[in-house]
Amino acid sequence: MTQDVTIKITDREGITHEVQAPTDMNMNVMELVCAYELAPEGTIGLCGGMAMCASCQCYVLNQVDLPERNEDEEAMLSEAFNVKDNSRLGCQIYITNALEGLEIALAPES
Amino acid sequence: MIKTDILIIGAGPTGLFAVFEAGLLKLKCHILDSLPQPGGQLSELYPKKPIYDIPGFPEVLAGDLVNNLMEQIKQFEPGFTLGERAETIEKQEDGSFIVTSNKGKKFQASVVAIAGGLGSFEPRKPLIEDIEFYENKGVKYFIKNPEKFRNKRVVIAGGGDSALDWSVFLSNVASEVTLIHRRNEFRGALDSVEKVQELKNAGKIKMITPGEVVGLNGAEHLESIDVDINGAHRNIPTDYFIPLFGLTPKLGPIANWGLEIERNAIKVNNALDYQTNIPGIFAIGDVNTYPGKLKLILCGFHEATLMCQAAYQIINPGKKYLMKYTTVSGIDGFDGTRKEAPKAVVKAID
Ligand SMILES: Cc1cc2nc3c(=O)[nH]c(=O)nc-3n(C[C@H](O)[C@H](O)[C@H](O)COP(=O)(O)OP(=O)(O)OC[C@H]3O[C@@H](n4cnc5c(N)ncnc54)[C@H](O)[C@@H]3O)c2cc1C
Ligand code: FES
């Protein structure tokens with residue numbers, strides 16, 4: 001049986017939630033936020049996870065080995081607002097065992 | 001004033017298919033959408049991407065599905081008002097509704113079907129101080145009439161297709177075009193990128209990359225912008241600033257129509273007909289919510305079908321009708337065309 005990983009997500013109101021994320025459902029971090037309803041519908045995942053809207057932007061708060069930003073993610077972040085050095089697109093980070101202990105905060109809606 | 005049986009707000013797949021189902025019941029539809037083209041999310045967000053879960057289509061490009069829907073509803077002659085957003089709604093004494101668009105156009109209908117999806121697509125506005133003050137005073141998020149920019153200085157910001165394409169187009173119209181983007185790489189069709197490169201080499205487009213517009217100046221009208229280039233600020237005189245950072249859907253004015261809203265969507269009665277808390281106003285497709293709701297195209301089609309049955313009862317109170325199979329009864333278009341299954345041959349064998 002595959003194991004869940006634990007991820008801490010701080011929502012846009014500043015409340016931190018510790019959630020269990022399945023590693024075997026081909027889910028990404030944006031979908032995880034939606035599944036736990038940590039951001040109102042219509043404010044996240046607007047492009048369905050194609051790196052085309054930046055509504056899933058989050059800030060990575062701790063040192064966890066994440067996959068590098070891909071071309072699409074770089075391009076979208078270069079057009080997004082409120083971008084910081086630790087910005088990532090949640091929809092481009094797939095949930096794997098490597099994400100155990102990850103802490104992120106959702107970027108403001110724009 | 002445009003009068004119709006059902007006013008459909010939103011030309012996404014749900015709104016388009018509603019025209020077909022209404023047509024079978026001899027109800028006329030008019031569709032209003034804030035985008036310049038029909039198709040909703042399919043046209044705006046992923047026209048060239050395949051969809052795999054439309055029943056009967058193992059694979060279909062989103063753009064092709066929209067074209068097919070347009071073909072399917074053609075004989076019911078829907079009216080289209082594109083590029084205008086539904087702004088207000090008023091109930092009339094006779095029970096009908098008058099919807100007014102942001103351009104002041106009025107539509108009267110007995111039934112209003114909101115098929116607004118995630119909302120009306122609005123430009124993403126960069127976070128620059130006072131940008132709202134300069135809207136219509138030099139800041140533009142859309143280019144409707146390029147002639148406006150003839151012999152003017154224009155600054156475009158963005159890194160996608162629309163920023164590239166408009167830079168190319170305006171380089172023949174404006175006196176000066178400057179394209180600003182936060183990095184050197186652009187995400188767009190290869191030939192657009194190459195064209196901009198050519199025009200840059202020929203001195204017809206100025207490029208500032210990496211650069212970010214951080215300030216706007218001018219007393220009455222925009223006169224110049226401040227650009228952050230690797231931490232240093234540069235002032236660039238210009239007549240127009242056009243930020244092209246894509247569109248994002250916002251529920252917008254519909255949220256103030258007195259409809260029950262839950263989780264950014266309109267609550268409907270899913271046990272019956274997808275009517276909202278206001279009788280005569282329905283919400284179908286991505287824009288509605290009910291227990292178990294799924295935002296899928298095929299669910300929108302189903303909702304549109306049931307909505308039309310209820311609309312028929314409102315528009316033709318007491319008039320009997322029985323649902324028919326299109327295979328059996330054929331389709332009579334409002335344009336005089338008729339489609340029907342070929343009749344079986346009856347012939348004696350000697
Ligand atoms: C990348 C991506 C991939 C997807 N893939 C699939 C898939 O494989 N299968 C599937 O079933 N679904 C898929 N979907 C979801 C699907 O696109 C939606 O379920 C579908 O578009 C909903 O259709 P709709 O007609 O209800 O709304 P929309 O397509 O959102 O259309 C709504 C329209 O209403 C207009 N509008 C809203 N408010 C107003 C107003 N006030 N005035 C005027 N116009 C207004 C908008 O401009 C818009 O054009 C995908 C979505 C995305 C983003
Ligand atoms: S969901 Fe749109 S960029 Fe991630």
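Colleague: Is Phe245(B) buried or exposed?

Modeller: Phe245(B) is buried, at a relative accessible area of 12%. Buried means under 20% relative accessible area, exposed means over 50%, and partly exposed is in between, with a 1.4 Å probe and protein chains only.

Colleague: What should I know before reading on?

Modeller: This is a predicted model, where local features need pLDDT of at least 70, side-chain atom pairs count only at pLDDT 80 or more, and totals for chains, interfaces and linings use all residues. Residues are numbered from 1 along each chain as its sequence is written, chains are lettered from A and ligands numbered from 1 in the order written, and side-chain values use heavy atoms, with hydrogens and water left out.

Colleague: Which charge lies over the face of Phe81(A)?

Modeller: Arg124(B), at 4.8 Å from the ring centre. A charge sits over a ring if NZ of Lys or CZ of Arg is within 6 Å of the ring centre and within 35 degrees of the ring normal. In chain A, Lys84(A) lies over the face of Tyr59(A), at 4.3 Å from the ring centre.

Colleague: What does Tyr59(A) stand opposite?

Modeller: Ala105(A), in strand 5 of chain A. Strand 3 (residues 57-60) and strand 5 of chain A run antiparallel, joined by three bridges. Two strands pair if DSSP finds at least two bridges between them. Strand 1 (residues 4-10) of chain A also joins strand 5 of chain A through three bridges, but runs parallel to it. There, Lys8(A) stands opposite Glu103(A).

Colleague: And Leu99(A), where is its place?

Modeller: In the loop between strand 4 and strand 5 (103-106) of chain A. Leu99(A) is buried, because its relative accessible area is 1%. Leaving out residues up to four places away in sequence, Leu99(A) touches Thr6(A), Ile7(A), Val29(A), Val64(A), Leu66(A), Ile93(A) and Tyr94(A). Contact means heavy atoms within 4.5 Å. Leu99(A) and Val29(A) are 70 residues apart along the chain, and 9.9 Å separates their C-alpha atoms.

Colleague: Over to chain B. What does its domain assignment give?

Modeller: Domain 1 (2-121 + 248-339) and domain 2 (125-245). Such bounds come from an automatic or database domain assignment. The centres of domain 1 and domain 2 of chain B, taken over C-alpha atoms, are 37 Å apart.

Colleague: Why is helix 1 of chain B called largely enclosed?

Modeller: Because 11 of its 12 residues are buried. Among them are Phe17(B), Val19(B) and Phe20(B). Ring pairs link Phe17(B) and Phe20(B) with Phe76(B), Phe301(B) and Phe334(B) into a cluster.

Colleague: What comes just after helix 1 of chain B?

Modeller: Lys26(B), which takes a positive phi of about 65 degrees.

Colleague: Is His30(B) buried or exposed?

Modeller: Buried, at 8% relative accessibility. His30(B) lies in strand 2 (residues 29-33) of chain B. Its contacts beyond four places in sequence include Ile2(B), Phe80(B) and Phe107(B).

Colleague: Last topic, the open sheet in chain B. What is the strand order?

Modeller: The order is 18-19-21, with three strands and mixed pairing. Strand 18 (261-262) and strand 21 (288-289) of chain B stand at the edges with a single partner strand each, so one side of each has no neighbour in the sheet. Strand 19 (residues 265-267) and strand 21 of chain B pair in the parallel sense over two bridges. Lys267(B) has Thr289(B) as its bridge partner in strand 21 of chain B.

Technical notes. Helices (H or I, at least four residues) and strands (E, at least two) are DSSP runs, numbered from the N terminus. Rings of Phe, Tyr and Trp (its six-membered ring) pair if their centres lie within 6.5 Å; planes under 30 degrees apart count as stacked, over 60 as edge-to-face and the rest as tilted.
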